[in-house]
Amino acid sequence: MTTSIVCLIERLKMKIAIASGKGGTGKTTVATNLAKYLSENRKVVLVDLDVEEPNSGLFLNGSLMNQKEMFKKIPNWESENCTLCGKCQSVCNFNAIMKLGENIMVFPELCHSCYACSELCPTQSLPMIPMKMGMLTEYKVEQLGFVGSKLDIGQEQAVPLIAQTLDYVDEMYSDDYLKLYDAPPGTSCPVIEATKDADFIFLVTEPTPFGLHDMKLAVETMRELKKPMAVIINRYGIGDAEVEAYCKVEGIDIIANFPNQRYIAELYSQGKLIYPHVPEFKAELLKAADYCKHLVKEN
Ligand code: SF4
Ligand code: SF4
């Protein structure tokens with residue numbers, strides 16, 4: 001581990017996000033196996049923030065602790081005092097509110113709940129009201145806490161649900177928990193919301209040209225966020241050595257190379273954790289777990 005990384009984690013808050021430049025790289029496999037393995041010896045909570053397609057919970061059979069509907073606030077037009085000045089439309093950066101003739105139309109699925117229209121309306125004609133956007137579920141799997149949220153069908157804004165899920169975890173799980181975030185794939189706003197509070201990023205990739213291309217984008221995004229990071233290669237052996245060459249040039253640690261095996265894919269398709277069944281996978285998982293322990297200063 002480089003000195004700069006050690007310095008950056010001096011102020012450790014124990015939040016590690018597991019991200020990837022694209023979907024299908026095995027990010028959830030890494031997150032679930034790492035969380036369950038680490039929880040054998042310490043307090044861990046795994047948070048599924050891939051709210052459009054959460055599936056971490058499929059691999060963890062636990063006891064249901066809590067389930068709650070999640071709401072965001074949207075403006076509700078009250079026509080009585082509205083002067084149709086149009087200020088609400090002009091302050092909205094997301095085209096979520098429009099003046100159409102003598103009506104003000106709100107498009108809830110586009111609304112980011114920023115309150116700008118409501119607060120700047122000169123006649124207080126846009127009070128914010130709650131609208132259901134998804135469901136949060138919390139499980140306990142032996143020593144492991146698991147929290148995941150799922151966006152309702154038709155909802156397009158993942159960011160407010162991710163933000164509220166993180167708030168819930170911070171409220172319910174003290175700082176002595178290692179918090180692992182299973183982030184959404186890609187480099188767009190939901191990823192930034194899911195990683196902006198993390199102390200460290202594990203980027204999961206495949207050793208292929210596509211994997212490298214998307215990983216480079218993810219590295220750029222994390223550098224803009226000033227996040228220290230390390231790489232985990234999944235399906236090691238299927239492609240070439242370009243990911244390793246890139247990481248070497250860029251000074252990014254590769255902390256584990258999970259093997260490409262048909263049996264692993266079969267276990268995954270059956271919703272099973274991998275490390276109890278595949279020694280080669282477990283050997284790499286131990287490397288990732290050791291790296292985590294360095295990060296949280298347990299060694
Ligand atoms: S800002 Fe308020 S008063 Fe102006 S058009 Fe919008 S709702 Fe009506
Ligand atoms: S709350 Fe913000 S995002 Fe939503 S309609 Fe108003 S200005 Fe637009």
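Is Glu80 buried or exposed in this model? Glu80 is exposed, because 7 other C-beta atoms lie within 10 Å; a residue is buried with 20 or more other C-beta atoms within 10 Å of its own, exposed with 12 or fewer and partly exposed in between, the C-beta atoms being placed from the backbone. The model is predicted: local features need pLDDT of at least 70 and side-chain atom pairs count only at pLDDT 80 or more, while totals for chains, interfaces and linings use all residues. Residues are numbered from 1 along each chain as its sequence is written, and chains are lettered from A and ligands numbered from 1 in the order in which they are written.

**View 1. Overall chain.** The chain holds 10 helices and 11 strands, where helices (H or I, at least four residues) and strands (E, at least two) are DSSP runs numbered from the N terminus. Along the principal axes, its C-alpha atoms fill a box of roughly 70 × 45 × 40 Å. Of the 299 residues, 43% count as buried.

**View 2. The loop between β3 and α3.** Glu80 is found in the loop between β3 (63-75) and α3 (87-91). Its C-alpha atom is separated by 9.5 Å from that of Thr123, 43 residues apart along the chain. Leu84 is found in the loop between β3 and α3 as well and has a phi near 60 degrees, a positive value in a residue other than glycine. Most residues other than glycine have a negative phi. Leu84 counts as partly exposed because it has 13 C-beta neighbours inside 10 Å.

View 3. Ligand 2 has 13 residues around it, of which Cys92, Ala96, Cys111, Cys114 and Cys117 come nearest. The shell around ligand 2 divides into 11 nonpolar, two polar and no charged residues.

**View 4. Met131 in strand β6.** Met131 lies in strand β6 (residues 128-141) and is partly exposed, because 17 other C-beta atoms lie within 10 Å. Apart from neighbours within four places in sequence, Met131 is in contact with Phe71, Lys72, Ile74 and Pro108, a contact requiring C-beta atoms, placed from the backbone, within 7 Å.

**View 5. Helices α7 and α8.** The axes of α7 (residues 209-224) and α8 (residues 242-250) come within 9 Å and cross at roughly 25 degrees; axes are lines fitted to C-alpha atoms, for helices over the stretch in contact, and angles run from 0 to 180 degrees between N-to-C directions. The two helices are therefore roughly parallel to each other, the term for angles under 35 degrees. Pro209, Gly211, Leu212, Met215 and Val219 in α7 meet Glu242, Val243, Tyr246 and Glu250 in α8.

Key: Parallel < 35°, antiparallel > 145°, perpendicular 65-115°, else oblique. Contact = placed C-beta atoms within 7 Å. Near = placed C-beta within 6 Å. Nonpolar A, V, L, I, M, F, W, Y, C, P; charged D, E, K, R; others polar.
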